[in-house]
Amino acid sequence: MSKYDLPVSHVPVFKAMSPGSILLKYQGSVTTEVIDSLLAIVLYRLECIEQNINVRKKIYSILMECAQNICLHVDHVIEPDLDTSSGYLSLESSLGGYQIISANFVHNTRKKRLTDMLECINAQKTNDDLKKLYNEVMANKIFGARGGGGLGLIDVARKSTGKLNYSMDTINNHYSFFTLNVAIKKY
Amino acid sequence: MAHLLIESTAKTPHINFNGQTGLFEIRGMSCSEYAFNFYKPVFDWLDNYVKNPNEKTTVNVQLKYFNTSSAKCILQMFERIGALQDQKRFIEVNWYYERDDEQMIADGENYSVLLGLPFKLKELGSS
């Protein structure tokens, strides 16, 4: 029993509902409608719990770009033992800041382009370098077939703390699993 | 010239461009992942407007959030409006931000530098 006299099986739920914990955790099929609903919930919750407008807007912007990035990559194709339409998105708060994790399957034909972009972003030494890259891509007028403009991850890097922490693990001949872990400091 | 009026949705902004008065307003959320599809009619309307523009065009931008896909479109929108400078027309851009919103201020300043177009940064609620 915990000090709150909760049955052991209820403790994880209680912890999840405590301040400084999970604000969003989603795993499942990803569609535009699902993402819109999740973002609407987070927008409302952030307005309630985060007083600092700059932190609040950074979190929402990063979460939105991560969510829309998942949408860019999910495939609605049948793959044995693999739900390529699914993704993962979480937002957790702690004393010092927030952590956003997004994960999804990426078709291997798109894997190199994505990792090259992430490496290019992480190679930028200063915020001014990131801003220069952001402005270059913003001006190029190129949009992908799925709507992406190639700016999302650059913006995530600009608004987060430290380098983009990611992994790309090969699952099979067709797909890899991409995870992005982003930190946002409060102060 | 006719109005361009587009009602807002949860993730696309309210657009009210008045071709007769030269008063353009855009406000709300601009977060569609398919931002280009949303802004395409705006670009088309502006391409017509610049053929016969007003002496003065005022653009009021009051966005709460915009995603990166929209950021590209906003730049393209202002490139069209900025071309009016070549025709010696007067352009006033009012870029509104919420109190203490440093990112929105920085975005307005960045567009202003990139476009060579003066932006008046105005805090919402202040006179």
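Predicted model: local features only at pLDDT ≥ 70, side-chain atom pairs only at ≥ 80, totals over all residues.
Some housekeeping comes before that. Residues are numbered from 1 along each chain as its sequence is written, and chains are lettered from A in the order in which they are written. Local features need pLDDT of at least 70, side-chain atom pairs count only at pLDDT 80 or more, while totals for chains, interfaces and linings use all residues, and side-chain values use heavy atoms, with hydrogens and water left out.

**The sheet of chain A**

Helices (H or I, at least four residues) and strands (E, at least two) are DSSP runs, numbered from the N terminus. Two strands count as paired if DSSP finds at least two bridges between them. Chain A has an open sheet of 5 strands in the order β1-β4-β5-β7-β6, with antiparallel pairing. At its edges stand β1 (22-29) and β6 of chain A, each with a single partner strand, so one side of each has no neighbour in the sheet. On average, neighbouring strands here are turned by 10° against each other, direction ignored; axes are lines fitted to C-alpha atoms, for helices over the stretch in contact, and angles run from 0 to 180 degrees between N-to-C directions.

| Strand pair | Sense | Bridges | A bridge partner pair |
|---|---|---|---|
| β6 (161-170) and β7 (175-185), chain A | antiparallel | 7 bridges | Ser167(A) and Thr179(A) |
| β1 and β4 (86-93), chain A | antiparallel | 7 bridges | Leu24(A) and Leu91(A) |
| β1 and β2 (14-18), chain B | antiparallel | 3 bridges | Leu4(B) and Phe17(B) |

α2(A) lies across β1, β4 and β5 (97-107) of chain A, running at about 175° to β1(A). α3(A) packs there too, touching β1, β4, β5 and β7 of chain A, and its direction makes about 10° with that of β5(A). Contact here means heavy atoms within 4.5 Å.

**The sheet of chain B**

In chain B, 6 strands form an open sheet in the order β1-β2-β3-β4-β5-β6, and the pairing is mixed. The edge strands are β1 (4-6) and β6 (119-123) of chain B, each pairing on one side only. Neighbouring strands of this sheet are turned by 15° against each other on average, direction ignored.

Which strands of chain B does α3(A) touch? The helix packs on this sheet against β3 (23-30) and β4 (56-66) of chain B, at about 80° to the direction of β4(B). Helix α1 (residues 35-49) of chain B packs on the sheet as well, touching β1, β2, β3 and β4 of chain B, with its direction about 10° from that of β2(B).

**Where the chains meet**

The contact takes 33 residues from chain A and 28 residues from chain B. Together the chains bury about 2500 Å², 54% of it on carbon and sulfur atoms; buried area is the accessible area (1.4 Å probe) that two parts lose on being put together, summed over both. Lys57(A), Met138(A) and Phe143(A) supply 25% of the area that chain A buries against chain B, more than any other three residues.

There are 4 salt bridges between the chains (a side-chain nitrogen of Lys or Arg within 4 Å of a carboxyl oxygen of Asp or Glu). Lys57(A) forms a salt bridge with Glu98(B), at 3.7 Å, N to O.

On the side of chain A that touches chain B, α2 (32-49), α3 (53-73), α5 (127-138) and α6 (152-159) of chain A each supply at least two residues. The largest share, 10 residues, comes from α3(A).
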